[in-house]
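Subject: Structure handover and notes

Dear colleague,

My notes on the packing follow it.

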Amino acid sequence: MAATTVSFDIPTPHGPSTVTVSYARVGTGEPLLLLHGIGHHRQAWDPVVDILATERDVVALDLPGFGASPALPGGLPHDLPTTRTVLGALCAALELDRPHAAGNSLGGLLALELGREKLVRSVTALSPAGFWTTAERHYAFALLRTMRHTARRMPVPLVEKMARTAAGRTALTSTIYAHPARRAPQAVIAETRALAGATGFTETLRAGTGVRFTDAVTGVPVTVAWGSRDLLLPRRQGVRAKRIIPHARLIRLPGCGHVPMHDDPALVARVILDGSR
């Protein structure tokens, strides 16, 4: 999908502030917003976009400070309230009338936030953040910081060399994929560089320190899906999500890791489409 950008104003205590977001749009049908995880980019959804686009008007975006989207301007915090406001303003700018929302990890948490505020028609959250214990959050954040540190220190030629072999792709991405060797070399290179260059990473991670999703999402269909081989956010967190959102569909994704779109595209696309019907 070819990407473009949109700029729009959001309200702040000091007056309107202009935000720019990179996104790609394809397909026809009811609108569907795709939200990636921390350190990733919109290309995380590439394996499922063509399937989704047969039934949905798909908008895959780079969250502020990730991928091709610049960080939020003027010292605006990369926290949940601000990002929720940005996503609401983005939908208005693109004339998306209460889209369906699907998100992975941080994106799953954001999709649930949009659902809680009744800004979307349905929510599909894949391994969403926010259902952790304090110990689980410390573990996940330490792992994310290590991944970020490694990506920033690795020269691009070394990343390119490693991505040419199955063993190298496994070393680079096994934390988030159950089948890292299947990843295309160019995709591994692109996402490693996206993680290294994510200007919003540190602020977003810092803002997540106090995050725990504790509110029920009412009046909106919710699907929570968890990979059986998620190493970053263990699948037991899905059981907690079901307790907090009792009406949610809780689905197990067999053989999938933390970013399941690449491990089983057909299954993930079916889960999203079923959740948005």
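Predicted model: local features only at pLDDT ≥ 70, side-chain atom pairs only at ≥ 80, totals over all residues.

In which hand, left or right, does α5 pass α7? The crossing of α5 past α7 is right-handed, and the axes of helix α5 (residues 156–163) and helix α7 (residues 185–197) come within 9 Å of each other, crossing at roughly 145°. On the α5 side the contact is made by Val156, Val159, Glu160 and Ala163, while α7 contributes Pro185, Val188, Ile189, Thr192 and Arg193. By class, the residues of this contact of α5 with α7 comprise six nonpolar, one polar and two charged.

Helix α7 also meets α4, and here the axes come within 8 Å and cross at roughly 105°, which makes α4 roughly perpendicular to α7. In this contact Met147, Arg148, Ala151 and Arg152 of α4 meet Thr192, Leu195, Ala196 and Gly197 of α7, and the classes are four nonpolar, two polar and two charged residues. Thr192 of α7 is therefore named in the contact with α5 and again in the contact with α4, as judged by heavy atoms within 4.5 Å.

Turning to the sheet, you will find an open arrangement of eight strands in the order β1-β2-β4-β3-β5-β6-β7-β8, with mixed pairing. Its edge strands are β1 (3–10) and β8 (249–253), each of which pairs on one side only, and the twist from one strand to the next averages 25°. At the β1 end, β1 and β2 run antiparallel and are joined by eight bridges, with Ser17 in β2 as the bridge partner of Ile10. These two strands form a hairpin that has six residues between them, and Gly15 in the turn has a positive phi of about 110°. Elsewhere in the sheet, strand β6 (residues 123–126) and strand β7 (residues 222–227) run parallel and are joined by four bridges; the partner of Leu126 in β7 is Ala225.

Two helices that lie against these strands deserve a note each. Helix α2 (residues 80–93) packs on the sheet, where it touches β1, β2 (17–26), β3 (30–35) and β4 (56–61), and its direction makes about 115° with that of β1. Helix α11 (residues 265–275), for its part, lies across β3, β4, β5 (100–104), β6, β7 and β8, and runs at about 170° to β8.

Besides touching the sheet, α2 packs with helix α3 (residues 106–116) at an angle of about 70°, their axes being 10 Å apart, and the two are therefore roughly perpendicular to each other. Leu80, Thr83, Arg84 and Leu87 of α2 make this contact with Leu109, Leu110, Glu113, Leu114 and Arg116 of α3, and these residues divide into five nonpolar, one polar and three charged.

Finally, a search of the whole structure finds two aromatic pairs. One of them is formed by Phe131 and Phe213, which are tilted, at 5.5 Å centre to centre and with 45° between the planes. Because Phe131 lies in the loop between β6 and α4 (134–153) and Phe213 in the loop between α8 (201–207) and β7, the pair ties together parts that are 82 residues apart in sequence.

Technical notes. Residues numbered from 1 in each chain as written. Heavy atoms only, no water. Pairing = 2+ DSSP bridges. Axes fitted to C-alpha atoms, helices over the stretch in contact; angles between N-to-C directions. Left-handed = near helix turned anticlockwise from the far one by under 90°. Nonpolar A, V, L, I, M, F, W, Y, C, P; charged D, E, K, R; others polar. Parallel < 35°, antiparallel > 145°, perpendicular 65-115°, else oblique. Phe/Tyr/Trp six-rings, centres within 6.5 Å; stacked < 30°, edge-to-face > 60°.
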